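Subject: Structure handover

Hello,

Here is the structure for you to look through. My notes follow below it.

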Amino acid sequence: MLRIAVPNKGSLSGPAAEMLHEAGYRQRRESKELRIVDPANEVEFFYLRPRDIAIYVSSGKLDIGITGRDLLIDSGADAEEILPLGFARSTFRFAAKPGTAHGVEDLKGRTVATSYEGIVEGHLTEHGIDASVVHLDGAVETAIELGVAEVIADVVETGTSLRNAGLEVFGEPIMKSEAVVIRRTDAEADEAEPKVQQFLRRLQGVLVARTYVMMDYDCRVEQLEKAVALTPGLESPTVSPLHNEGWVAVRAMVPAKEAQQIMDDLYDIGARAILTTAIHACRL
């Protein structure tokens, strides 16, 4: 049975459970449940603190897990990312009072406060910067005001809380994070590998379904090349001859965000298109 770690709370928890449900897996009904079994899919889910998931997976006690890329890197665990999931996106950056620093090279000899010392220390080492890193749990913005540090490193979304604290971001982003599926490094030879690949295929199917819609349209044969250039699909569109000579029917997957513009472009070359459905499954 495949053993999977899932976030039990925070911004990762809800979207992860929703994606797993869309992928056909049973999910817990109450937040107090810490473990459930899905016998139909031969999967056992363990609901854990997102920050601990990489440690459990790297130990080999669990086969795979869903956590944040930032938490994976910060943990230093012997685990690797195998599939990005596209939700819980964030950017990790340095911030300080205006004029304090302009880039990572200005941090030499400074003190940086953060909740993610693993990420920060690795980034500073990568750039050859000798600086002190202080670990704080949450609300790192106050570290500068209270004199604990001169610079902070934290997740930045809108930047509103930083501006309210009189701080501004500087330099290039330290990293960009999102929810990811992870497993122990070099675990491909495990007996669970076939089940892992099945799990990944299902999640990839959900990602495709959220991104694409199916479009059907008719067009003249002489306009087919132009039409197909507008709707190449994931591999290639399906083209079928119609009863009316000189006409074909085309079915293709198109990006949902671009669907309306594509319909307009098809109309301009004489094709008539409709969106038939969102995609619920796909061959990968």
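Which residue in β3 is the bridge partner of I36? The partner is F45.

First, the ground rules. This is a predicted model, in which local features need pLDDT of at least 70 and side-chain atom pairs count only at pLDDT 80 or more, while totals for chains, interfaces and linings use all residues. Residues are numbered from 1 along each chain as its sequence is written, and side-chain values use heavy atoms, with hydrogens and water left out.

**Confidence**

pLDDT is the predictor's confidence in each residue, from 0 to 100. The chain has a mean pLDDT of 90. In it, 95% of residues reach 70 or more. Among the elements, strand β4 (residues 64-68) has the highest mean, 97. Strand β15 (residues 272-278) has the lowest, 71. Helices (H or I, at least four residues) and strands (E, at least two) are DSSP runs, numbered from the N terminus. Over residues 279-284, pLDDT stays under 50. Where pLDDT is low, the predicted coordinates should not be read in detail.

**The sheet around β3**

Two strands pair if DSSP finds at least two bridges between them. An open sheet of six strands runs in the order β2-β3-β1-β4-β11-β5, with mixed pairing. β2 and β5 (79-84) stand at the edges with a single partner strand each, so one side of each has no neighbour in the sheet. From one strand to the next, the twist averages 30 degrees.

Now look at β3 (residues 43-48). Strand β1 (residues 2-7) pairs with β3 in the parallel sense, over six bridges. There, L2 has V43 as its bridge partner, and P7 has L48. Strand β2 (residues 35-38) runs antiparallel to β3, and four bridges join them. The hairpin of β2 and β3 has four residues between the strands. In this hairpin, E42 takes a positive phi near 55 degrees.

Is β3 buried or exposed? Six of its six residues are buried, so the strand is largely enclosed by the rest of the structure. Buried means under 20% relative accessible area, exposed over 50%, and partly exposed in between (1.4 Å probe, protein chains only). V43, F45 and Y47 point one way from β3. E44, F46 and L48 point the other way. In a regular strand the side chains alternate between the two faces of the sheet.

**Cores and helices**

A nonpolar core is a set of buried Ala, Val, Leu, Ile, Met, Phe, Trp, Tyr and Cys residues joined through side-chain atoms within 4.5 Å. The largest one has 44 residues. F45, L85, F94, L107, V181, F199 and L203 touch the most other members. Helix α7 (residues 193-211) gives the largest share of this core, five residues. A second, separate core has 14 residues, including A227 and V248.

Contact means heavy atoms within 4.5 Å. Leaving aside neighbours within four places in sequence, F199 is in contact with L2, I4, L20, Y25, I64 and V181.

How do α1 and α7 meet? E18, M19, L20 and E22 in α1 meet F199, L203, V206, L207 and R210 in α7.

**Another strand pair**

Strand β12 (residues 212-220) is mostly covered, with seven of its nine residues buried. β12 pairs with strand β14 (residues 247-255) in the antiparallel sense, over nine bridges. C219 stands opposite V248 in β14.

Best wishes

How values were computed. Axes are lines fitted to C-alpha atoms, for helices over the stretch in contact, and angles run from 0 to 180 degrees between N-to-C directions.
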